[in-house]
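Subject: Handover of a structure for your study

Dear colleague,

Please find the structure below, together with its sequence. My notes on what was found in it follow.

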Amino acid sequence: MFRSIRRSIRRIAVLCALLFGAGACMDYGPLDEEPIDLPQRGLFIVSEGNFTWDNASLSFYDPATGRVENEIFLRANGMKLGDVAQSMTLHRGRGYVVVNNSGAVYVVDPTNCRLMGLIEGVVSPRYIHFLDNDPTKAYLTDLYDARIAVVDTSTNRIRSRIDMNRHRSTEQMVQWGDYVFVNCWSYDDKILVVDTTTDRLVDSIRVGWQPTSLVLDRNGKIWTATDGTNGEGSALWRIDAATRRIEEYFPLPANTRPSELTLNAAGDELYFIARDVWRMSVGAAALPDEPFLPYAGTTYYGLTVDPETSEVYVADAIDYMQRGVVYRFTPAGACIDTIRVGINPGAFCFKAGASNRAGTSGDFGLSDIKVEKFGNNGSH
C-alpha cells in the first residue's frame, strides 16, 4: 500500500514537472530547479541508493577537467530520482534512467538532465534495449514480471508484452541479427532468445546457476557469468550467438561472485569483477593468472571501460551506507582520479558527443554501457 501511495505522489510530481514546471505544482514537494549545462563528452554515473530509502542519484563526470556534478537529476528537475536506480542508456539524443523500485524509466535530455518523458506500467524495471532493426521499439526487462515489456519509443508507452514462459528476473540484453538474448538471474539458469520480428520467446540456452551479466564481443560471442549453487561453482561462459552453442566454460576460484562483465571499445577484451578486477582476451583459452586490479579490501560494485581511451572506471560502494567513490585507472592499471558520488554507485553510461545512441551488435565505439548489480544492499 505504501509503495503504491509513494508512486502516486511521484507520478503527480512528474506530471507537474513535464506540464507546468516543478515549482508551480506544490509547495511542499518539489525543490527549486537549477540550470545544468553538461559537456558534450563525459560519464553519467548512476548511484542506486538504498532499497526503500528513495535516495538514488545521478552524477556526471568530465574526464577532460576531472570535474564531477552530483545530484544532477534533483537539481535540474526539483525532484528526487527515486528508489534504486538500476541502469542508464543513451539513445537518439535522449537518456533513459531505469529506476527499479520506483517502477519507472525517466527520459531526460543528456545536455541538461531535464525531464522529457516517463515510461511506467512495469513492476520493477531493470534494463532497456533499443532494437537494432526497428527504431520505434525497445525492450524493457523486469525483476518480478515473467514478461518483457515492448515500448513504443515515439510515445514512451508500453504497447505489448512478451511472455517469458514463467522465467522471471530478466536482466541485460544483447542483440545478434533479429534475435535478442536476455539473461535470467534470480533462481534461474537460462539465457532466453527472443525473435524481434515476432516479439516471441523462441529458444533458451542452459548455463550455470544465476547468470549475472551479458555482453556480446566483436566476434559474435556472448559472455555471461554465473553465481553457482549446490556444489556448482561460479564460472564464465562463452556462447556462439549464431549457433547458440556453448563454446567455452571457465570455472572461477571458490568463494568468488562474478559480475559486471564489460568490454573495451574494440570488443576484444573482457573485464569483470570476481573479488578482484580481471581482464582477459575474448579469444583466451584460459583465465588470466593475475588480476588487472587486485582486491584492496574495498567493495567493487561497478565497472566500465571508456570507449575512446580504454581507461577503466571501478565503482566502490564502501559500506553501502555512505557516499561511494569511483576510481579512474589508466589502461595499465594506474589510478589517476578518485570521484566522490552518491550512495552505492554501480552503473555507467558514456556520453560521446553527438553519438548519443545505443550501441549495436558489432559497434563497440559508442556509449551504451550498462552494469549489473546484485543483492549487496538488500535491493534485490
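How many of the eight residues of S27 are buried? Eight of the eight are, and S27 is thus described as mostly covered; buried means under 20% relative accessible area, exposed over 50% and partly exposed in between, with a 1.4 Å probe and protein chains only. Strands (E, at least two residues) and helices (H or I, at least four) are DSSP runs numbered from the N terminus.

Some notes on the source are needed here. This is a predicted model, in which local features need pLDDT of at least 70 and side-chain atom pairs count only at pLDDT 80 or more, while totals for chains, interfaces and linings use all residues. Residues are numbered from 1 along each chain as its sequence is written, and side-chain values use heavy atoms, with hydrogens and water left out.

The pLDDT is the predictor's confidence in each residue, from 0 to 100. Its mean for the protein is 88, and 85% of the residues reach 70 or more. Residues 19-28 have pLDDT below 50, and this stretch has 12 contacts (heavy atoms within 4.5 Å) beyond near neighbours in sequence. Residues 354-380 are also below 50, with 111 such contacts in the model. Where pLDDT is low, the predicted coordinates should not be read in detail.

S27 pairs with S1 in the antiparallel sense over seven bridges; two strands pair if DSSP finds at least two bridges between them. In this pairing, Ile 45 stands opposite Phe 348 in S27.

The whole structure holds 10 aromatic pairs. Rings of Phe, Tyr and Trp (its six-membered ring) pair if their centres lie within 6.5 Å; planes under 30 degrees apart count as stacked, over 60 as edge-to-face and the rest as tilted. Phe 73 and Tyr 106 form a tilted pair, 5.3 Å centre to centre with 45 degrees between the planes. Because Phe 73 lies in H2 and Tyr 106 in S6, this pair ties together parts that are 33 residues apart in sequence. Both Phe 73 and Tyr 106 are buried.

Yours sincerely
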